[in-house]
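Here is a friendly briefing to read beside the model. Please keep the sequence and the 3D view open as you go.

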Amino acid sequence: MTKDNSEYLIERYNNIYEVVIGLEVHAQITSNSKLFSSSSTTFGAEPNTQVSLVDAAFPGMLPVINEYCVKQAIKTGIGLKAQINKRSVFDRKNYFYADLPQGYQISQFKFPIVGEGTVILDMPNGPKEVGIERLHLEQDAGKSIHDMDPQNTLVDLNRSGVALMEIVSKPDMRTPDEVSAYVKKLRSIMRYLGTCDGNMQEGSLRADVNISVRIKGSDVLGTRCEIKNVNSIKFMQMAIDYESNRQVDLIQEGKTIDQETRLFDTKKNETRSMRSKEDAHDYRYFPDPDLLPLEVTDEFIEKLKADIPELPDDKKKRFIDKYKVSPYEATILVSDIDTAKYFEEVVAKMGKNLDIKLAVNWITSELFAVLNNKNLEISQSPISSKNLSKLINLIKNGTISGKIAKTIFELMMDGDQDPQKIVEEKGLKQESDPKALEALIDKIINDNREKAIEYKQGKEKLFGFFVGQAMKVSGGKANPQLINEILKKKL
Amino acid sequence: MSDIISLTLVDLVKNIKDKKISSEETTKAFIDRGEKSRNLNTYITEDFSNALLKAKAFDQKPNFNLKLPGIPMAVKDLFCTNGVKTTAGSKILNNFIPPYESTVTQNIWNEGAILLGKLNCDEFAMGSSNETSFFGNVQSPIDKDLVPGGSSGGSASALAANITPITIGTDTGGSIRQPASFTGTVGLKPTYGSCSRYGIVAFASSLDQAGPMSKNVKDCALLQEIISTYDDKDSTSIDFKRNAYSKELTNNIKGKKIGIPNEYRVDGMPKEIEDLWSKGIEYAKDCGAKIVEISLPHTNYALPTYYIVAPAEASSNLARYDGVKYGFRSKGENLIDMYEKTRSEGFGEEVQRRIMIGTYVLSSGYYDAYYLKAQKVRKLIKNDFDEAYKKVDAIITPSTPSAAFKIGEKTNDPVSMYLNDIFTVPVNLAGLPAISIPAGVDAKGYPLGLQIIGKAFDEQNILNIAYAMEEKIEFKNKITDWWIK
Amino acid sequence: MTIDLKTIKHISKLSRISIDDEKAKKLAGDMNSIFDFIEKLNELNTDNVEPLTSVAETTLKLRADEVKSKDIRDQILKNSPEENKDFFVVPRVVE
C-alpha cells in the first residue's frame, strides 16, 4: 500500500496499526527560589548546598508557596490558550523513595491550576492541533546517584522542591514527528513567556510518553504504557518506535498489553518494565492539610494577561505580513524567541539597504550551520546581530562579494569582529574600479592568447576559465559583475 | 523563699520584677524539684546546666520589661528546640537534635523565659494516657500508678507536681484539655491558626494546635498572649487581631449566653461527671451568665470522623521518618528493606496502628467511603457549632467522660482509650478554642475538669468565663508529694 | 465489614512498616474493632455536603520569590544516620 509520508503506521500481515501518543511534560519553572521554600534553584551547585530544612523535610517544617511560580504557571496556561482555574488545590502524592524526603510529593490532583487548552503544531502538511488536558504545579524530587559508591546510593536534594509544571496533553499525537514538533512548540511557547528555559540537557524539560496502538480506523483506545522520564526528543522518538512495535507484536501474538510504567534504556534502545505488579503504586492522594486552596482573582489573571508577549503563532503571522517571508521561513524564524529577536535586530539595523531574503538566508543557513556545529544557542552566537547586519550591508552596497562575505564571516567569529574592519585590515574590499579591472583582464588575455582565440572560435565554455583567472589574480576581490561585463567586451 | 515552686506564674514574675527572688534562685528551685521527682518520669531531656547558665546570665543583665523575665520552664517534647534533643516521644527520633526553634518556643524565649528541659508525651502525640511514649509512662502526681492523661501527659504531670511553673502542650483531639482535666490544672486549646505550627512535630496538620497549660486562668491568659502570633512560615497561621489576653482579663461575664449541648449527655456517663456539669452550670449562673439549651446534633459522629481524619494526615506526615535524613535507622538489605525495618522498629504499636488506619482510609477504593465521608461529616460538625453560636457566646461541657484511670487499665482496648476524647475532639474538628478548668473531684478525689468552648478567635471570652468561674469554684489541687521519698 | 490479613499485609507494604504474622493478626483485630465504630458514619447521608479540608477560613498566602535559605549543608547532614559530608546515604538502589 502507498503511504502518505506524514503517516506513521505499523504493518503486520494484513493489519495496519496506528500509534496513539500523549505526553506528560515536566517543565521546571524559571524562578529564583523553590516552590515551597526559599532555597536557590540554580543548576549545577555542589550537592546538598541548596537545601533548606523544608526541602529536607525536617520535623515541623511547613511549605509556603512562591507567588512567582503561581504566576509562571498561569502565564503558561494563557500561552496554551487554556482555562485558568481561579481555585486550585494542592494534594499530597504519597510514596517512598530515597530522593523524596517528605515521603510525599506536593502536587495538584483533582483541581489543577490550569485546565483545557490547545497547542498548534506546524507540520509540513499543514497545522495540527493537540489538546492540552491540564497543567498543574508540583515539586521536583531530588537526585539519586547510583554510580559513585559501589555499596550505596547517594542522595542530593538540591533539586528537591524546585517548581515543576506538569503539562498533560490529550492523546492527540500519531507520529514521532508530531511528538517532536509538540515538544519543540511547548518549549518555544515557554521560552517566549520566560516560564521555563526548556533546557533538556539540564533536565528542565522532561517527558513521560504514553503510548498505545490500535488498528487504524478504530476509535477505541488501546491499553497504554507510560515511558517514564525521557529527556531528549531523539530518545522520545526512539522510545515510541520501539514501544509501538513491541505492543503491535504482542497483539499480533494474541497476547495482552499490561498497563504499566516502563523505562527507556538509551544504551540498548529498548523499553522495559520498571515496577513489578505486586508492588503496584497507590499514591493515596489527599488535600495537603499544610496548605489551603490556592485562590486567584480575575484581576490577578488580567494583570498577567497584559504581560504576555507576542507568542510564536502571532509572531509568525506578523512576520509573513510585515516581512513577506514564506510560512516555512516564518516558522523557522519564530521557533525560538531568540532567533526571532535576532532576525528583527538584523533587519532593524540594515537601514536603507534592507534585503529580507538576504537576511533570512544568512541567518538560517550560514549562522545556523555555525551554531549547530558549535552546539550553541543563538543567544550565545559568536556573531552579534549588529555585525551580521553590517556584513549584509557590505554585500548589498557592493563593497564585498558574497564569496568574500563567507570568508569574512569565518573571521568575524573570532571575538565578534566588525566586518568593516576585517575588510579594511585584510584589504578584502571588492575591486570595482573599471580601469583597474580592464588592466587586469588585458593582462590575463595577453597571458592566455591561445585560449582567447579558441573562445573566439566558438569554445564558449572557456569564458568561465577567464572569470576564474580574474578572481584568482585579484585574490577574489574583483567585482564579479564587472569582470563579466569587461570580459564580454574584450573577448 | 521556700515555696517558689508553688507560686503561680504571675506571682513569680512579680517577685522577680520586684527583685525579691532572682532568676537563678527560681531556676534552682525548679531544677531541685525536678531532680527529686524523677520517678514521675516527666522529663525526656533535662537541660538543667544550660538553664542555670542562662538564669545567671539573666540576673547579671536583667530585663524586667519582658513578660517572662528569667522564668524557667519545661516544654512538651514535640516542640523543636535549637540544639536540644527533640524526640516526640519516639525511638525513631531518638538523638535528633534540631538546628532550629519552633515559633511558639521562640516567642517564649523572646520574652525572657529559660528552657528547663523537654517533657514526656505520647509518641507523636498519639495517645490519651502518655503510655505510648518510647521513654516510658508518666506518673500522675495525683496518685500512684495513675495516668496523667495524654498526649501532653509529661507537661500536665510536671505542672501539677510543681516541676515547672507553667508549660505548653499541643492538642490534636484533646491532648491539652484532657491531661489538664486529669491533673487539676488549666489547659487552653486555641483557635486553629492562632499559634504557629512551625517547628512542632506534626501529628495531624488540620487539627494540631499548641497551647498553654497553667495552674490558673490568669497564667494561662499571659502565656497565650505570648505564644499566639501570626507567622508567615505557617500557611495556616491566621492574621487576626490578637488581644493582650492577660491585661483584658475580666471576671465580669454578666449577660453572657452560655450553651449547654444536650448531645453531650452520653450513654453511661458517670453520675459524678453529670453532677460536675450541673454544678458548673450553677457557677456560670452565679457569675451572671444566661444558660441556653442548645443542640449539636452531630456530636456522636465526631469521634469516628476524628479517627479517620487524624490517622490519614498522620500516615502522610510520618512518612518522612524513613531512616534517611535523621533519627533511627535499622540496617536493611536494600532501600525498601531498610525503610520497613526502620519504621517497624522505630515506631511504637499505637503509632503503627494509626499509620495503618490512615493508609487504609486513603487507599484506592476506600478514599470516598472513609476519608471523603469524614471530611463531609466534619463539615456537618462545624455547621452545628456555627448554628449554635448564633444563639450563644460560649458552650460549657465536661472535659472528659471520666476521671483519670490507672496505668495499664485501657492499653489493650484502643476503642475505649479513644472514647476518652469524646468531648474534646469536636472542638478540634471545628477549629475552635476551648479551655479546661478544674471544677471538682470524683469519689476517689481525682480531679475533674469543665470545658468552655468559644467562637473562633474568641479566646478572650472563654478566658473571661473561666476566670469568673474559677473564682467561684475555688478548686484546690491536693498534691501529697507521695513520689518523694 | 472485616479487614483481612491480606489487606493488613498490603497496607503494611504501602506504609513501609514490616509486620510479622502475629502482629498482623493483632492489628487485624484492633482495626476491625476500630472500623466497627467508624462505620457509624454510614448512618448519615452526606450526598449534598461539601467536604471540609481546613477550618482555617482564609486563602493561601503567597510569598515573594526570594532566595533566603543559605547553604546549610553541614546542619542538614549532621543528623543523618550514615555519615557523609556531601550526601545522604541509603542502601544501593537498583533500577
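This is a predicted model: local features need pLDDT of at least 70, side-chain atom pairs count only at pLDDT 80 or more; totals for chains, interfaces and linings use all residues.

Residues are numbered from 1 along each chain as its sequence is written, while chains are lettered from A and ligands numbered from 1 in the order in which they are written.

**Chain A overall**

- Chain A holds 15 helices and 16 strands; helices (H or I, at least four residues) and strands (E, at least two) are DSSP runs, numbered from the N terminus.
- Its radius of gyration, taken over C-alpha atoms, is 30 Å, well over the 23 Å that the globule rule gives for 491 residues, so chain A is more spread out than a compact globule. The globule rule is 2.2 Å times the number of residues to the power 0.38.
- The C-alpha trace of chain A spans about 95 × 60 × 50 Å along its principal axes.
- Of the 491 residues in chain A, 44% are buried, meaning that 20 or more other C-beta atoms, placed from the backbone, lie within 10 Å of the residue's own.

- An open sheet of 3 strands runs in the order β8(A)-β9(A)-β1(C), with antiparallel pairing; two strands pair if DSSP finds at least two bridges between them.
- β8 (143-145) of chain A and β1 of chain C are at the edges with a single partner strand each, so one side of each has no neighbour in the sheet.
- Strand β9 (residues 152-156) of chain A is joined to β1(C) by 4 bridges.
- Val155(A) lies opposite Phe88(C), and Thr153(A) has Val90(C) as its bridge partner.

**Where chain C touches chain A**

- This contact takes 28 residues from chain C and 37 residues from chain A; two residues are in contact if their C-beta atoms, placed from the backbone, lie within 7 Å.
- On the chain C side, the elements giving two or more residues are α3 (73-78) and β1 (88-91), and β1(C) gives the most, with 4 residues.

**Where chain B touches chain C**

- Here 53 residues of chain B are in contact with 39 residues of chain C.
- On the chain B side, the elements giving two or more residues include α9 (302-317) and α12 (367-388); α12(B) supplies the largest share, 10 residues.

Terms used
A residue is buried if 20 or more other C-beta atoms lie within 10 Å of its own, exposed if 12 or fewer, and partly exposed in between; C-beta atoms are placed from the backbone.
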